[in-house]
Amino acid sequence: MHTLVKQKLAITLEGYPIQTEISDVVYEDLIESKSKYLLLDEEKNTLTLKRSFFKKNKQVQNITRFFVELSGDEITIEAPSEKNDLVLNSIFCDDIIDTNYKNKTIAILLESPHIDEYEQNTEKLIPIGAAQGQTGKKIEKSIDSLILALREHQAIEEQHKYRVIIINAVNFQTSLHFIHEKPMNNYYRELRDKMWQKMWTEIPQTKNDFVNQLDSLKKDSILINACPKSLKPLINQELIQFANRFSLFESNHPSSTEIWTKSLFKLN
């Protein structure tokens, strides 16, 4: 008597051969989407995410959102003087990140853009900028408490104008929400994590761009790993090389139900 072994359902990135197993629920939802960004191989039970989904024009820009300065108990917060054309549709007055900025930086590190970081357009995936929607609003609301928390850790210099930047470690939509349009339940959280890890490990430029961006920051800058718990270790692995140059922190994701700045934890 032969036992039938059910073939695994998988997804790949076009141009990269590694197959990653996904759940039946997600597989069926992705097929039902009939998305132009997916190719189906019925014989192999494999979906391929087309390269057009992770081309350069689908990347969400990392941004400069604030300039902050601490003087005693007074915190001065300013937005960039002018919104950059590359992030013109941001709900904030954002600028792109100047790699030649001379002062220190506070970098908030997120995992990847999700829904609000793109135009509400059902035909095209059009990037806006990092940390829009609730994530961006919560960061804006908590900047004062973030600066005070950094002071408690003796990580911030008074009377120094820091730039606050927001960086997505992966600049593409790893949740694939544009394709399936499902809420972020456990199935789709798992999909986001798997697609994030695929883009992080299989596309060499992804990790290289992230590391190069951090490498351009001035000594004694502050890096905060605010990625979801499931992805934090992969980011921390890349932060180790900067342990002697920057103050390294972890925190909850800014969109978490708790006040994310209260979870700030120093790594070095």
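Phe54 comes out as buried, with a relative accessibility of 7%. Keep in mind that this is a predicted model.

**Aromatic pairs**
- Searching the whole structure turns up eight aromatic pairs.
- One of them is Tyr16 with Phe54, a tilted pair with 6.5 Å centre to centre and 50° between the planes.
- That pair ties together distant parts of the chain: Tyr16 sits in strand β2 (residues 16-21) and Phe54 in the loop between β4 and β5, 38 residues apart.
- Phe67 and Tyr101 also make a tilted pair, because their ring centres are 5.9 Å apart and their planes meet at 45°.
- Here too distant parts of the chain are linked, with Phe67 in strand β5 and Tyr101 in the loop between β7 and β8, 34 residues apart.
- Both Phe67 and Tyr101 are buried.

**Helix α1**
- In α1 (residues 24-32), the buried residues include Val26, Tyr27, Asp29 and Leu30.
- These residues span an arc of only 165° around the axis, so they lie on the same side of α1.
- Their cover includes strands β1, β3 and β4, plus helices α4 and α5.
- After α1 comes Lys34, which has a positive phi near 50°.

**Helices α5 and α7**
- α5 (residues 186-202) packs on α7 (residues 232-239) at about 25°, with the axes 11 Å apart.
- That angle makes the two helices roughly parallel.
- From α5, Trp196, Gln197 and Trp200 meet Leu234, Ile235 and Glu238 of α7.
- By class, that contact has four nonpolar residues, one polar and one charged.

Notes. Residues numbered from 1 in each chain as written. Predicted model: local features only at pLDDT ≥ 70, side-chain atom pairs only at ≥ 80, totals over all residues. Heavy atoms only, no water. Axes fitted to C-alpha atoms, helices over the stretch in contact; angles between N-to-C directions. Helix = DSSP H or I, 4+ residues; strand = E, 2+ residues; numbered from the N terminus. Parallel < 35°, antiparallel > 145°, perpendicular 65-115°, else oblique. Contact = heavy atoms within 4.5 Å. Nonpolar A, V, L, I, M, F, W, Y, C, P; charged D, E, K, R; others polar. Buried < 20%, exposed > 50% of the residue type's maximum accessible area, 1.4 Å probe, protein only. Arc of directions from axis to C-beta. Phe/Tyr/Trp six-rings, centres within 6.5 Å; stacked < 30°, edge-to-face > 60°.
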